Amino acid sequence: AKDEATKEELEGTLYVCLECIKLMALLTAPIIPESAEKVWKMLGYDKPIEKENWDKVVREHLPPNRPLP
């Protein structure tokens, strides 16, 4: 963020957006598995999405400071 006053707000907004994308990948995996897996990998996960425990994924937050492609 160019303005330090809004940096924290911007980071929070981006984090919430990434969490939503994570959940959308999880929810769409049974319908469009290839696309969901691509998004899953973009978020930095190594384990295939179909092998993940949904309850665990929903409870866990994205790891901080993970670089995105």
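The structure is a predicted model, in which local features need pLDDT of at least 70 and side-chain atom pairs count only at pLDDT 80 or more, whereas totals for chains, interfaces and linings use all residues. Residues are numbered from 1 along each chain as its sequence is written, and side-chain values use heavy atoms, with hydrogens and water left out.

The protein chain contains three helices and zero strands, where helices (H or I, at least four residues) and strands (E, at least two) are DSSP runs numbered from the N terminus. The order of elements from the N terminus is α-α-α. Along its principal axes, the C-alpha trace spans about 40 × 25 × 20 Å. Of the 69 residues in the protein chain, 20% are buried; buried means under 20% relative accessible area, exposed means over 50%, and partly exposed lies in between (1.4 Å probe, protein chains only). The protein chain exposes about 5,400 Å², of which carbon and sulfur atoms supply 62%. These accessible areas come from the Shrake-Rupley method with a 1.4 Å probe, and for residues only the protein chains shown count as cover. Among contacts (heavy atoms within 4.5 Å) between residues at least 6 apart in sequence, 43% join residues at least 24 apart.

Helix H2 (residues 33–42) has three residues that are buried, namely Ala36, Glu37 and Trp40. These residues lie on the same side of H2, because they cover an arc of only 100 degrees around the axis. The arc is that of the directions from the helix axis to the C-beta atoms. The buried residues of H2 pack against H1 and helix H3 (54–59). On the other side of H2, Glu34 and Lys38 are exposed. Glu4 is placed in helix H1 and is exposed, with a relative accessible area of 58%. The C-alpha atoms of Glu4 and Glu34 are separated by 39 Å, the two residues being 30 residues apart along the chain.

Side chains of opposite charge can pair when their charged atoms come close. A salt bridge is defined as a side-chain nitrogen of Lys or Arg within 4 Å of a carboxyl oxygen of Asp or Glu. By this rule the count is four salt bridges. One of them joins Lys7 and Glu11, with the closest N and O atoms 3.9 Å apart. Both residues lie in helix H1 (residues 4–28), four residues apart, or about one turn of the helix. Lys7 is partly exposed at 33% relative accessibility, and Glu11 is partly exposed at 45%.

Glu19 and Lys22 form another salt bridge, in which the closest N and O atoms are 3.0 Å apart. Glu19 and Lys22 are separated by about one helical turn, because they are three residues apart in helix H1. An α-helix has 3.6 residues a turn, so residues three or four places apart point the same way. Both Glu19 and Lys22 are buried. A further salt bridge links Lys56 with Glu60, with the closest N and O atoms 3.9 Å apart. Lys56 is partly exposed at 35% relative accessibility, as is Glu60 at 37%.
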